[in-house]
Amino acid sequence: EIRNKKKALILQFNNLENMESHNLAKLLMSIREYLQIDGLHSLFLGPTDSLSAFEMYSQVESVFGKTIFLKPLTENQLLDILEKRCNSLKDPKGKYIQPYCEQTVRTLYKSLNGNMRLIFKIMDDSTLAFCKEMPSKITLDEIKSYCNLEFERRFNGLSFNEKKILTILYDKNELNQGELAEASGILRQNLTNYLQDLKDKGLIVIRSDSTDK
């Protein structure tokens, strides 16, 4: 119908990380016939760990073309976007104070591997938690305090094995699943569920090895 009206259509599926992998795989399987309609173009946007859902069913994997990996924005590009966002939101009749300092953003950029969404969310949540008067400027100390409080709140609600896994990762920073199983004494087949729960709670990141799925 769209083609008959001389129109074009691009479907964009964004924020794939908000779906669990098996649910995302089921969604992809349910729409695979539509994806093969001649002239239909679809974009699926999400983090690299969403790729596991595309690989669960061979019928789904065969439908998709080459995956494109986007590099994070540079520090200066992120600062430029943040400045434009703040300028677009400020009240021209009000008193404007830039709600951040450049060095704070640069420090967060390095700590969070350039994850723009996470950087902005932490700045936003920290401002709401600590800045009682507006306008105000969030500081790195306030952001650190907020992150420590938030981590402590989440950590206290974890099981013994989840706390053990997080403690090991905090010390080692990054391990593959075999190394983590050995360090924690948790059977590898049992480790998967703990890791998925920790990922769903936003406490760890799981990524696929480019040389080993």
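**Notebook: burial, helix packing, cores and cysteines**

I looked up Ser-21 to begin with, and it counts as buried because its relative accessibility is 17%, where buried means under 20% relative accessible area, exposed over 50% and partly exposed in between, using a 1.4 Å probe and protein chains only. I note that this is a predicted model, in which local features need pLDDT of at least 70 and side-chain atom pairs count only at pLDDT 80 or more, while totals for chains, interfaces and linings use all residues. Residues are numbered from 1 along each chain as its sequence is written, and side-chain values use heavy atoms, with hydrogens and water left out.

I placed Ser-21 in helix 1, residues 21-35; helices are DSSP runs of H or I with at least four residues, strands are runs of E with at least two, and both are numbered from the N terminus. Not counting residues up to four places away in sequence, I found Ser-21 touching Asp-49, Ser-52, Ala-53 and Met-56, a contact being heavy atoms within 4.5 Å.

**Helices 7 and 8**

I then checked helix 7 (residues 140-156) against helix 8 (residues 160-172), whose axes come within 10 Å and cross at roughly 140°; axes are lines fitted to C-alpha atoms, for helices over the stretch in contact, and angles run from 0 to 180 degrees between N-to-C directions. Helix 7 makes the contact through Phe-151, Phe-155 and Asn-156, and helix 8 through Lys-163, Leu-166 and Thr-167.

**Nonpolar cores**

I looked up the largest nonpolar core, which has 15 residues, and those with the most contacts inside it are Leu-78, Leu-82, Tyr-100, Val-105, Ile-119, Met-123 and Ile-143; such a core is a set of buried Ala, Val, Leu, Ile, Met, Phe, Trp, Tyr and Cys residues joined through side-chain atoms within 4.5 Å. Helix 4 (75-89), helix 5 (102-111) and helix 6 (116-130) are the elements that give two or more residues to this core. A second, separate core of 13 residues includes Ile-165, Ile-168, Leu-203 and Ile-204.

**Cysteines**

I searched for disulfides, meaning pairs of cysteine sulfur atoms within 2.5 Å, and the structure holds zero. For Cys-101, the nearest cysteine sulfur is that of Cys-131, 12 Å away, and Cys-101 counts as partly exposed at 28% relative accessibility. Cys-147 is also in no disulfide, with the sulfur of Cys-131 the nearest at 14 Å, and Cys-147 is partly exposed, with a relative accessible area of 31%.
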